[in-house]
Amino acid sequence: MALPTINPTTTEAWKNLQNHFEDIKNTHMKDLFANDPDRADKNTIIWEDFYVDFSKNRITEETMKYLLQLADEVKLKDAMQGYFSGDVINETEGREVLHTALRAPKSAKVLVDGEDVMPEIYRVKAEIETFTNKVVNGELKGFTGKAFTDIVNIGIGGSDLGPAMVVESLQYYKNHLTTHFVSNVDGDHVNEVIKTLDPETTLFVVVSKTFTTQETLSNANTLRTWFLEHANQEAVASHFVAVSTNIEKVKEFGIDEANIFPMWNWVGGRFSLWSAVGLTISLAVGYKNFESLLEGAHDMDEHFKTTDFDKNIPVVLALLSVWYNNFFNAESEAVIGYSQYLTQFATYLQQGIMESNGKSIDRNGDRVNYQTGTLIWGEPGTNSQHAFFQLIHQGTKLIPADFIGYVESLHGNSDHQDKLMSNFLAQTEALLNGKTEEEVLSEMATQNLSEAEKSKLLPFKVFEGNKPTNTLFIKKLTPASLGKLIAMYEHKIFVQGVIWNIFSYDQWGVELGKQLASKILKEFDGSENYEHDNSTLNLLNFYKKGRQ
Ligand code: F6P
């Protein structure tokens with residue numbers, strides 16, 4: 001079944017939300033807390049090892065009622081049904097969207113074109129497991145008989161960001177293998193990585209769903225050329241493996257069919273880390289941990305599928321995001337992980353969220369008359385507090401933020417962990433309450449300041465507060481809890497796409513730049529004046545004169 005095609009602005013709920021917004025837009029959350037001692041309890045979802053407090057949002061019971069009404073009116077339940085059961089919900093590419101099947105149990109049955117895909121998923125998983133174990137325990141060797149020490153993941157976008165983020169996030173669980181990620185077509189990237197490699201002990205994993213991506217093929221070629229400076233052609237078979245849907249292209253590149261891990265068209269690139277695209281994850285942290293990551297994600301799938309919307313974490317987060325995006329006109333959202341391990345998490349989410357929901361044509365083919373995809377950004381706390389938090393606290397823009405923290409630290413250093421968590425809690429409290437004139441004045445009363453100095457400083461020291469945050473408090477950073485967290489955001493993306501009536505699983509917008517780049521590339525060696533706007537032509541000629 002196709003996804004529903006309802007313009008959200010035509011729903012009763014949307015009108016209710018618009019009217020309600022006028023009533024509530026100036027309400028301070030501080031007052032909402034003061035008027036309801038149970039506010040936090042009422043607006044917290046405790047599920048497995050997740051404690052999700054969304055009480056520090058500019059919402060009342062009425063807001064949630066209308067947001068939930070919106071979910072019903074846009075037929076979210078029906079859409080979810082299609083999402084999980086393999087309907088062609090990526091209509092513009094004619095594809096199912098089945099990353100959830102990759103983490104479903106063996107006993108599940110998921111049909112694509114009438115065929116159950118679970119046996120094939122589990123066959124490839126078994127291949128990943130066997131291969132991982134052989135590399136990790138040193139059974140598989142390089143061309144001079146030495147065990148592998150380094151893995152180079154060659155891919156870009158979804159074939160890089162997911163594996164890179166997970167390997168970074170699960171650094172604590174890593175084995176002895178050193179992992180590298182080469183993504184940018186910038187030759188300085190690959191050459192910096194080459195500097196650290198030993199060809200005898202390096203395994204290359206070329207990841208490309210299409211196997212036509214310029215960046216990945218260029219990097220793979222450069223690495224193979226470098227490798228062949230040290231080894232003969234036969235050695236390529238034991239040092240290069242690939243992950244792709246395009247078996248013919250991989251073979252053309254020179255990789256042995258036995259070294260190809262397949263993936264499928266029904267897995268979108270930015271949702272593919274659960275497939276063989278996650279091979280580098282499995283190699284880096286071991287297959288068991290990779291499996292736990294998938295199991296965690298599956299738990300979140302079940303939560304999403306079976307929980308009433310008012311207690312459903314991805315649904316609630318998506319609705320709140322719509323509330324700010326479409327009614328408060330908030331343009332961006334920050335994701336702040338209070339764990340250094342989550343350094344790449346926001347970067348990873350940028351592709352998931354912005355490539356999916358950065359659309360302006362709705363599912364009827366019409367231009368939308370409302371805002372869609374949010375900008376997403378963030379850096380770990382506490383570093384970000386010393387970088388951009390000033391703007392969140394006292395700037396002119398409303399920036400809803402997700403704060404992600406872990407109760408337990410992995411290395412068990414309680415001194416550091418207490419300090420980290422005190423900041424984690426303090427920031428959302430400060431963003432909620434701000435600081436009033438009275439509070440600033442009473443603080444200044446203890447300082448040696450003249451009355452003139454006090455009144456001069458006063459306006460700068462006042463914090464308005466009323467800045468919305470969600471607190472995602474998780475027991476511990478484990479492969480399973482990371483899987484849940486990633487799946488939670490994947491489902492949030494889906495829900496928002498359904499509400500905004502857009503196709504979240506295509507990415508036509510990245511094509512034009514690719515086409516123009518390949519045209520311009522050919523023009524660097526030509527002598528004629530090509531057809532371009534004046535600016536591009538000048539820049540092109542500037543480069544042609546200056547290039548080595
Ligand atoms: O940037 C566009 C895109 O198609 C992404 O969606 C995808 O993750 C990336 O390029 C890489 O594609 P591939 O895995 O086919 O090399």
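Biologist: Which residue in S7 does Asp-150 stand opposite?
Modeller: This is a predicted model: local features need pLDDT of at least 70, side-chain atom pairs count only at pLDDT 80 or more, and totals for chains, interfaces and linings use all residues. Residues are numbered from 1 along each chain as its sequence is written. Strands are DSSP runs of E, at least two residues, numbered from the N terminus. In S7, the residue opposite Asp-150 is Thr-202.

Biologist: How many bridges pair strand S5 with strand S7?
Modeller: Two strands pair if DSSP finds at least two bridges between them. S5 covers residues 150–154 and S7 covers residues 202–207. Their pairing is parallel, and the bridges number five.

Biologist: Which strands are the edges of the open five-stranded sheet?
Modeller: The order is S6-S5-S7-S8-S9, with parallel pairing. An edge strand here pairs on one side only. The edges are S6 (178–182) and S9 (260–262).

Biologist: What does the twist average from one strand to the next?
Modeller: Axes are lines fitted to C-alpha atoms, and angles run from 0 to 180 degrees between N-to-C directions. From one strand to the next, the average is 20°.

Biologist: Which residue takes a positive phi in the hairpin of S1 and S2?
Modeller: S1 (residues 44–47) and S2 (residues 50–53) run antiparallel, joined by four bridges. Thr-44 has Asp-53 as its bridge partner in S2. Two residues lie between the strands, and the one with phi near 45° is Glu-48.

Biologist: How many residues surround the ligand?
Modeller: A residue counts as near if its C-beta atom, placed from the backbone, lies within 6 Å of the molecule. The closest are Gly-157, Gly-158, Ser-208, Thr-213 and Gly-269. The total is 14.
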